[in-house]
Amino acid sequence: MTVEQLATSALTALRHKHLLSTADLSPEEITLVLDTAEAMKEVGARPIKKVPALRGKTVVNLFFEPSTRTRTSFEIAEKRLSADTLNIAIATSSVVKGETLADTALTLEAMSPDMIVIRHSSSGAPYLLSRICRSAIINAGDGMHEHPTQALLDAYTIRERKKRLSGLKVAIIGDLLHSRVLRSNVHLLTTMGAEVWVCGPPTLVPADIRRLGVTVTHVIDDAVREADVVMLLRIQLERMEGAFFPSLREYFAVFGMTEARLRLAKPDVMIMHPGPMNRGVEIASEVADGPYSVILDQVANGVAVRMAVLYLLAGGAAHEDAA
Amino acid sequence: MPVVMDADRIGRTLTRIAHEILERNKGIDDLALVGVRTRGVPIARRIARSLKEITGHDIPTGALDITLYRDDLMRQQVGPQPLVRRTEIAFSIDNRKILLVDDVLYTGRTTRAALDALIDFGRPKNIQLIVLVDRGHRELPIKADYVGKNLPTSPEESVQVHLQESDGRDEVVLEGGAA
C-alpha cells in the first residue's frame, strides 16, 4: 500500500512567471514540477483524459521551426487541462511576408493569450518575448540554447525509474555543440546533484562546457562505464555548416552507442534519446529498441510534465516577478 | 481550543458509520470507498478496516485529489497554484455504489468538485457522502448521507481534524471565533 504522503513538496509555486531556462530553477522548484507531473500522469490514464483546471485560458503555440513531438505534446497537454489552444505554424503566418518576431508577438499579445509556447531557431527568442509580452512565455526550444521541458521530462523519466537524481552518473553523448537539450539537461541534472559526463568528438564539444560542472571526455567507454543513465543526442546535420567529422560511418564506429559498449554501464542502465533518432549514427537499432531503452516512456512522460508546467505557470509567479 | 471529538469518540463514530453503511446498503455488494485528499483518505481506510472486521471482506478503497476541479482555480489574477496530488482509484467505478469520504463538510464546494471528478471516472450506481464533521454553512445544495458529528459553528471559527496517520494524534478541534 502507498504510505500517505503529506507536504512532500516544500514549495507550492514557481518563482518566475516564465519558463525560459532550467538554470532559473531551484532544486525545490524542479521537485515541485516533477511531483505535479506525477499527478498529471494519472489524468492521462483515466477514461476521460481531461480536467477543467485551465478552462478559459488561451495558450498560443508559436512554432518557428518544424516540430512534431514537442508541438503535439504541448497541444495534448493544453487540451487535457481544458485550455483553448491556438497553433501558429510558420509556413502560414505573416512571418513569410516579412514580419519581425517582435511584431508577431505584439500582434498575438493584442489578442491577450495567457501563455505563449515558443520554438525558434534563434537562441534568446523566448527572452525577447518575455520582455515585450504580458503573457507567460514557455521556451519550447530556442536555437542551440535551451529546451527546458525536454530536460524536465528526462528528469521525470529518470526519477520514475531510479527514484532519485542525486548521485547518479549520467553520460550525455553525441552532438553537444548544437544541442539545446544538452544545456537544459546539464543545468537541471547538476542542480539536482547528478554526476554528469559529456562525450563527443572535439569538434562537437562547446568550448566553455566545463564551466557548467561536467566531466568532458572524448572516449565513449569512459563516459559509459558504470553509468546509471546514457543519453544520446542526435547528430544535427541541418545545423552543421562545415565538416565536423569525416563521415557518419566513422562517427558511429567511434561514438555510436552499441550493445557491446552498453555492457560497460551499470546492469540497470537506462538508455534515453530526445528524438528524432538517427539509427546507425548515434545509436544502434538494437540499443534503441532494446530492453534498457526508455525512449518511448520519455515521449509519454512529456505530456504529463508539460501539463505540470502549464498548470504551475497559469497561476502566475509566487512573488518576485509578480507584476 | 475546545476539543470536540477525542480519539475514542472518533473511533466509535467511524465504527457506527460502518454499521450504518451495511444497514442502508444491505451488505457490501458493489460498494467502494473513495477518500478526498488529504484527510478523507485515512478516514476512508479506517472505515474499510471496520467493514472488513464486521463482514470479513475487503472493500476497494481509493484516493481522490480534487485540486484540478476546484471552482476557485484561476479566479485571482496572480497567485500560486494549489498543490496537485495523485488520484489513485485502481478500480472501475461503473455501476458501483461509491462512498465518498471527507473530513469536514462546510460550504459543499469541495464535494461539488469531488462529484465532478468522480463522474469523469465512470458512471457509478450511486454516490453516498460520508463526513466526520458537518459544520453547516452550505453554499451549494449538498447534504451528507452519513455524519459523524453535527457541529454548529460560526463562519469565523475553524474546524481542525487531526488524524494519527497525518498528524500523529486523533482529535477534532474547534478554533477561533468570538469565544
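**Figure 1. Chain A of this predicted model is assigned two domains, domain 1 (22-147 + 301-314) and domain 2 (149-297).** Start here to get your bearings. Domain 1 of chain A is given as two stretches of the chain, 22-147 and 301-314, while domain 2 of chain A is given as 149-297. Between the C-alpha centres of these two domains there are 25 Å.

**Figure 2. In this view, domain 1 of chain A meets domain 2 of chain A.** The contact joins 22 residues of domain 1 of chain A to 20 residues of domain 2 of chain A. On the domain 1 side, helix 1 (27-43), strand 4 (136-142) and helix 11 of chain A each give two or more residues. That side of domain 1 is made up of 11 nonpolar, seven polar and four charged residues.

**Figure 3. Here helix 5 (residues 148-162) of chain A crosses helix 11 (residues 295-314) of chain A.** Two packed helices are described by the angle between their axes and the distance between the axes. For this pair, the axes come within 8 Å and cross at roughly 115 degrees, and the crossing is right-handed. From helix 5 of chain A, look for A:Thr149, A:Leu152, A:Leu153, A:Asp154, A:Tyr156 and A:Thr157. Their partners in helix 11 of chain A are A:Asp297, A:Gln298, A:Asn301, A:Gly302, A:Val305, A:Arg306 and A:Val309. Sorted by class, the residues of this helix contact are five nonpolar, five polar and three charged.

**Figure 4. Chain A is shown as a whole, with 11 helices and nine strands.** Along the principal axes, the C-alpha atoms of chain A fill a box of roughly 60 × 55 × 40 Å.

Figure 5. As for confidence, chain B has a mean pLDDT of 94, with 96% of its residues reaching 70 or more. The model scores ipTM 0.86 and pTM 0.90.

Terms used. Residues numbered from 1 in each chain as written. Chains lettered and ligands numbered in written order. Predicted model: local features only at pLDDT ≥ 70, side-chain atom pairs only at ≥ 80, totals over all residues. Axes fitted to C-alpha atoms, helices over the stretch in contact; angles between N-to-C directions. Helix = DSSP H or I, 4+ residues; strand = E, 2+ residues; numbered from the N terminus. Left-handed = near helix turned anticlockwise from the far one by under 90°. Contact = placed C-beta atoms within 7 Å. Nonpolar A, V, L, I, M, F, W, Y, C, P; charged D, E, K, R; others polar. pLDDT = per-residue confidence, 0-100. Domains from an automatic or database assignment.
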